[in-house]
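Morning, everyone. Please put the sequence and the structure up on the screen.

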Amino acid sequence: LELIDSPVQATENFSTVFLQRYCRDGAELPPPFACCRLDEALDGAFKTQKLADRKPLFIYLHDDKSIGAHIFATRVLCSMELHQFFNNNDINIWPWDVTLEEAKAKVLRWIEPRIEWLANKIRSTPVSLFCLVNIPVTAPSQLHSPQHGVDAEDAGPLQDFRVRDPALPSQLQYSAAAAEMEKDDFPLLIMVVKLAGSLEVLYILNGRGINLPTPNRGAATPWSTDQEMNASFPVLGTEDSVVPIPASTSVRGTLKADELVTELWNKLLLFNTRLEPELDAEKERLEREQVRAEQDHAYRESLRQDQLKMKAKKEEEEDTRRREQLLQLQAEREKAEALAECRRHSSALPKEPPEPGTAEGEAFAHSREGAAGTATLRFRLPPGLSLPPLFDLLPEEEKRPEPPANGMLIRRFRGVDTLSDLKHFMESLGFTVAKFKLLTTFPRTDLTAIADDAVTVAELKLVPQETLILEER
């Protein structure tokens with residue numbers, strides 16, 4: 001026999017051979033073997049997202065040298081009752097064959113760091129060779145025991161246990177020599193649970209149907225090794241199926257599937273009861289985490305809202321700043337356009353004649369240009385304005401003209417100058433014809449309403465002097 005190094009391949013090979021040997025007629029139901037490494041099986045049972053989903057894990061240690069291995073496999077592991085128990089509770093069995101000492105040593109190395117007590121228990125579990133005699137067996141009926149790495153065709157016949165019918169022996173016959181030999185405990189069905197962060201063994205069933213003691217709370221009554229060694233072979237459910245070995249002290253186990261399932265249910269209820277404090281603690285922890293999560297969510301939401309408000313405020317301020325910049329640019333552009341328009345009208349004004357009464361004025365009056373006379377016009381600013389709009393349009397660095405005295409602007413025009421020249425003067429000061437009117441005092445006439453801009457100042461009877469009123473439309 002050769003040892004398979006890979007635990008996955010070893011458990012898969014064990015499961016395949018087990019099913020071929022014990023479940024091939026279809027009457028028996030296959031156990032839910034977990035074909036993987038032991039740590040993976042433990043993680044699958046115990047490392048669940050919710051504590052309520054945590055399940056026990058059963059470990060099945062099989063030894064072909066044990067007389068109970070084949071009976072235990074057929075009557076217990078492949079029974080309808082255990083199949084329903086494992087299936088309904090979604091519980092798996094991790095199998096391992098300890099027939100070879102190397103395989104047994106390997107599983108002990110895996111178990112010892114996790115459950116030292118269980119490793120010591122397995123290490124001290126006896127294995128004896130029982131010889132069943134006077135049972136004729138033909139070659140096809142021999143049960144083969146494929147071990148790690150050996151196919152069913154290559155494995156030798158079982159030396160310890162032969163039956164007439166490979167499904168189930170009808171009668172076992174023991175030699176007198178075998179009756180005197182110590183009984184063995186294999187196979188072992190071990191219920192491992194995780195409680196309070198530690199792995200515990202809650203239940204151990206040996207091949208004789210005896211519930212071995214465990215060091216956990218709620219375990220069975222303490223059991224001595226002598227009692228184990230003196231226990232007779234279990235009842236299999238039919239009166240004539242087993243001839244018990246005589247023993248000085250008779251402690252009988254049971255391999256009746258229904259009774260074993262009752263024990264398993266009790267152990268599962270015990271596990272759930274012992275798990276309740278952890279469930280309550282987890283519930284409280286989850287409630288605290290939920291409260292913290294809600295508080296964190298509320299804080300993050302409040303922070304997000306504040307950030308959104310700050311972002312909206314910043315965007316609004318940015319929009320306001322952009323709008324103000326656009327308005328400022330637009331105002332500056334309009335101001336520049338208005339200033340340019342004032343200067344265009346100022347450049348179109350005729351030259352101002354000299355003041356009458358002066359030598360220049362007398363000379364101008366006798367000239368051809370002054371023949372129509374000189375009109376001295378006073379322009380009264382609109383109410384509320386002390387300066388013409390032109391003053392606001394001029395750049396700061398540009399020299400401003402003298403402000404008008406008493407709200408009056410004085411400008412001289414020749415008698416031959418036209419109404420158009422008066423409008424140019426208005427526009428040059430920033431009083432646009434579109435927004436302002438130019439009125440005479442008496443009679444009150446709107447000069448800007450006159451359609452003929454070519455009418456002269458003299459014709460408008462503004463010579464020698466007149467007061468005109470600038471009024472907003």
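Find proline 443 in the loop between strand 8 and strand 9. Strand 8 covers 436-440, and strand 9 covers 465-472. Keep in mind that this is a predicted model.

So what kind of peptide bond joins phenylalanine 442 and proline 443? A cis bond. Its omega is about -10 degrees.

Now move to proline 464. That residue also lies in the loop between strand 8 and strand 9. Its partner is valine 463, and the peptide bond joining the two is cis. Here omega is about 5 degrees.

Next topic: positive phi.

Go to aspartate 90. You will find it in the loop between helix 4, residues 80-89, and strand 2, residues 93-97. Phi of aspartate 90 is near 55 degrees. That is a positive value, and the residue is not a glycine.

Is aspartate 90 buried or exposed? Its relative accessible area is 55%. The cut-off for exposed is over 50%, so aspartate 90 counts as exposed.

Last stop, alanine 196. Look in the loop between strand 3 and strand 4. Strand 3 runs 188-195, and strand 4 runs 198-205. Alanine 196 is not a glycine, yet its phi is positive, about 55 degrees.

How exposed is alanine 196? The relative accessible area is 64%. Alanine 196 is therefore exposed, by that cut-off of over 50%.

To recap. Positive phi values turn up at aspartate 90 and alanine 196. Over to you.

How values were computed: Residues numbered from 1 in each chain as written. Predicted model: local features only at pLDDT ≥ 70, side-chain atom pairs only at ≥ 80, totals over all residues. Heavy atoms only, no water. Helix = DSSP H or I, 4+ residues; strand = E, 2+ residues; numbered from the N terminus. Buried < 20%, exposed > 50% of the residue type's maximum accessible area, 1.4 Å probe, protein only.
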